[in-house]
Amino acid sequence: MTIKLGVPSKGRLMEQTFDWFADRGLRLARTGAAREYAGAVEGVEGMELVLLSASEIPRELAAGRIHLGVTGSDLVRETLPDWQASVAELTPMGFGHADLILAVPVTWVDVDTLDDLDAAAAAFRARHGFRLRIATKYHRLVREHLRAHGVADYQLVDSQGATEGTIRNLTAEAVADITSTGETLRANHLKILQGPPIHCSQATLFAAKSASWTDCSAAMGLLSQRLGVILSSEVFANP
Amino acid sequence: MSRAEDIAADLLARMLDAGAARVTPDILQPAETLLDLYGEDIRARAYVTHDPALGEMMLRPDFTVPVVQAHMAGGAEPARYAYAGPVFRKQSASRAREYLQVGYEVFARDMAAQADAEVFALFARLLQAYGLRPVTGDMGLITAAVAGLSTTDRRRAALLRHVWRPKRFRALLERMRGQGPLATERAALIERLRAAPAEALMADAGPHLGLRSEEEIAERIVALLEDADTAPIPEGQAQALEVLLQLAAPARDALAQMRAMGWEAITPALDRLEARLGALDDKGINTETLPFEASFGRTNMEYYDGFVFGFIARDDMPPVASGGRYDALTAVLGQGRAIPAVGGVIRPDLLAQLEGAQ
C-alpha cells in the first residue's frame with residue numbers, strides 16, 4: 001500500500017513544506033516538468049507525493065484519497081463538518097501563520113469586544129430592521145465563535161475576496177477575515193476586536209482517518225520517527 | 001412502511017380524535033422568516049436552498065412557524081391543529097438528519113392553564129406505554145424575575161434578550177453586578193469614552209465608513225455613560241435569580257419553595273403556575289411528583305415564553321417529545337395580531353428505536 005502525501009501545489013506554502021520535510025530527512029520533489037503536478041518522496045519506500053490546491057486538501061483527506069496532507073488548520077476546521085471525526089492533527093509546522101479575526105470600522109469607538117458587538121448588533125437591528133451584516137468566507141468558524149460567545153442579531157454575508165472593502169461598499173457592517181500583519185485592515189480603516197482571535201491558523205500536517213492504512217506499517221514507523229509524530233491506530237480512532 | 005411511520009400515523013389519528021384539524025405545511029419554507037426569528041445559528045442547523053423566483057428557501061426545520069402562519073392567515077378561534085411529516089436538520093454524523101415529527105398545537109384565548117394542561121395531558125397519554133420521564137418548566141418565571149430586578153429598562157431588556165443563552169445571560173448578569181471580566185473591560189472602555197466628546201473620539205480614530213452612522217455610535221456612547229452611572233444590580237436579587245434558575249424539584253414542592261422566597265415580582269407568574277398545576281390535577285396528572293426544572297427549555301427552545309415540557313427516555317438521546325407556550329411568537333409572525341398558543345411535537349423515530357431496544 002502506498003502512502004499518499006498531499007502538499008500545496010504552488011507558492012510559498014509549497015516551498016516551506018518542502019523545506020520542513022527536508023529538515024527531517026525527507027526530500028520532496030516534483031517529477032518531470034516544473035508545471036507537472038506530480039512528485040516523489042525520496043527517503044521513504046512506498047510513499048507518493050500528490051500536489052494539490054491547499055483548499056482541496058481537507059476534502060481529499062476527509063474522503064481518504066490521500067493519507068497525509070499539509071494545509072492550513074483554518075481550512076480543515078472551516079471545510080470539514082465535525083473535522084475531528086475525519087482527520088487527525090499530527091503536528092503544527094511553524095509557518096503559514098494567520099489569524100482569523102473580527103474587525104469593525106475604527107470610528108466604532110464604542111465597540112472593543114464581542115460584548116460590545118452584540119449590543120451594537122441589537123441596536124443596529126432595531127434601527128435598520130435587519131440583522132448586522134458580517135462579511136466573511138469562514139462561515140462555519142465565525143458562526144461557531146459567535147454562538148459560543150452568545151452574540152445575536154447578526155447575519156453572515158459571503159465574501160470570497162476583498163472582504164475589507166465590503167464595509168465601504170455598504171454590503172456589510174463588520175468583517176471576519178484572515179490577517180497576518182493587519183496592514184490591509186488598517187489601510188481600510190478597520191480595527192480588530194479585542195480578545196483572542198477566532199482561530200490562530202498555521203500550516204499543519206494532518207492524517208486521514210478513513211484512508212486505508214493497512215500494509216504500510218514500515219513506512220508509518222519511519223515517518224513517525226523522522227517527523228516526530230505518532231502515526232498509529234490510536235490516532236485514527238474517533239474521539 | 002417503517003415502524004416510525006406506523007407510530008406517526010397512529011399518533012396523528014389520536015390527535016385528530018382529540019379534536020384537532022389536520023394541517024399539511026409545505027416542506028419548502030422561506031428562509032428569511034426563519035433566519036430573522038432564530039438568528040444565524042439556524043443556518044448551521046437547517047438545509048438552505050435557492051429558488052430562482054422565491055430566493056432562499058429552507059427545508060422546514062420544524063412545523064411550528066408554518067402552522068402559526070397558517071393560523072394567523074385566517075384560522076378560527078379557538079383552534080387545535082395536528083400534523084405529521086418529516087423535518088430536516090443538519091446534525092453531526094451520529095444523529096438523524098431527516099426525521100418525522102407529529103405535533104399538536106392549541107390557539108386559544110383566556111384559558112392558558114387549561115390549554116397548557118390539555119397539551120401536556122394529551123402527550124402524557126399518547127406516550128404512556130413508553131415509560132418516559134417528564135420534565136416541566138416555565139420560561140415566564142424567569143422573564144418575570146428579570147423584569148422585577150431593580151435596575152434600568154435597558155439592562156432588563158439586555159438580559160431578556162439572552163434568556164435562551166444561559167452562558168451569555170450569566171456573563172451579562174455578572175457585569176451588571178459590577179463583577180467579572182466583562183465589567184473590567186467595560187470599565188476600560190468607559191474610561192476611554194470619558195476622555196473626550198464622542199465627536200472628537202471618532203474624528204481622532206480616522207475616516208468614518210459603513211452604514212452604522214456616527215449618530216448611532218454617539219447614541220450608544222450616551223447609553224454606555226448612563227449605564228456606567230447605574231448602581232449594580234443588588235446582590236440579594238442577583239442571588240435570588242441564581243437560586244431560581246437552579247431550582248429543580250417536584251412541581252408542588254417547587255411552587256412552595258418559590259412562594260417562600262417572598263419575591264413580589266414573580267407572584268403573578270407563580271399564580272399562573274399554580275393555576276396550571278390545578279388544571280393538570282384536573283386532567284389526572286400527579287403534580288406532587290411531576291418534575292419541575294426552572295431552567296428547562298433555556299438552551300434550545302428559543303421561542304417558548306411560558307410553560308415548557310419534555311419527555312425524556314435517556315440522557316444520551318434527544319427528548320422524545322417537547323413543547324411549550326409561545327405567545328410572543330404569534331405576535332412576531334402575526335404582523336400586529338397575536339393569540340396565545342401552546343403545543344408540542346413527538347419524534348416517532350425515537351419511539352421506534354425504544355421499542356427496538358426492548
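## Confidence, fold and interface

In this predicted model, the mean pLDDT (the predictor's confidence in each residue, from 0 to 100) is lowest among the elements of chain A in helix 9 (residues 233–236) of chain A, at 66, and highest in strand 8 (residues 132–136) of chain A, at 98. Chain A has a mean pLDDT of 91, and 95% of its residues reach 70 or more. Local features need pLDDT of at least 70 and side-chain atom pairs count only at pLDDT 80 or more, whereas totals for chains, interfaces and linings use all residues. Residues are numbered from 1 along each chain as its sequence is written, while chains are lettered from A and ligands numbered from 1 in the order in which they are written.

Chain A has nine helices and 13 strands; helices (H or I, at least four residues) and strands (E, at least two) are DSSP runs, numbered from the N terminus. The C-alpha trace of chain A spans about 65 × 40 × 25 Å along its principal axes.

In chain B, the domain assignment, which is automatic or taken from a database, gives the two entries below.

| Domain of chain B | Residues |
|---|---|
| domain 1 | 1–111 + 121–130 + 336–358 |
| domain 2 | 153–234 |

The C-alpha centres of domain 1 of chain B and domain 2 of chain B are 39 Å apart.

Between the chains, 32 residues of chain B are in contact with 29 residues of chain A, a contact requiring C-beta atoms, placed from the backbone, within 7 Å. Helix 11 of chain B gives the most to the side of chain B that touches chain A, with six residues.

Conventions. Two residues are in contact if their C-beta atoms, placed from the backbone, lie within 7 Å.
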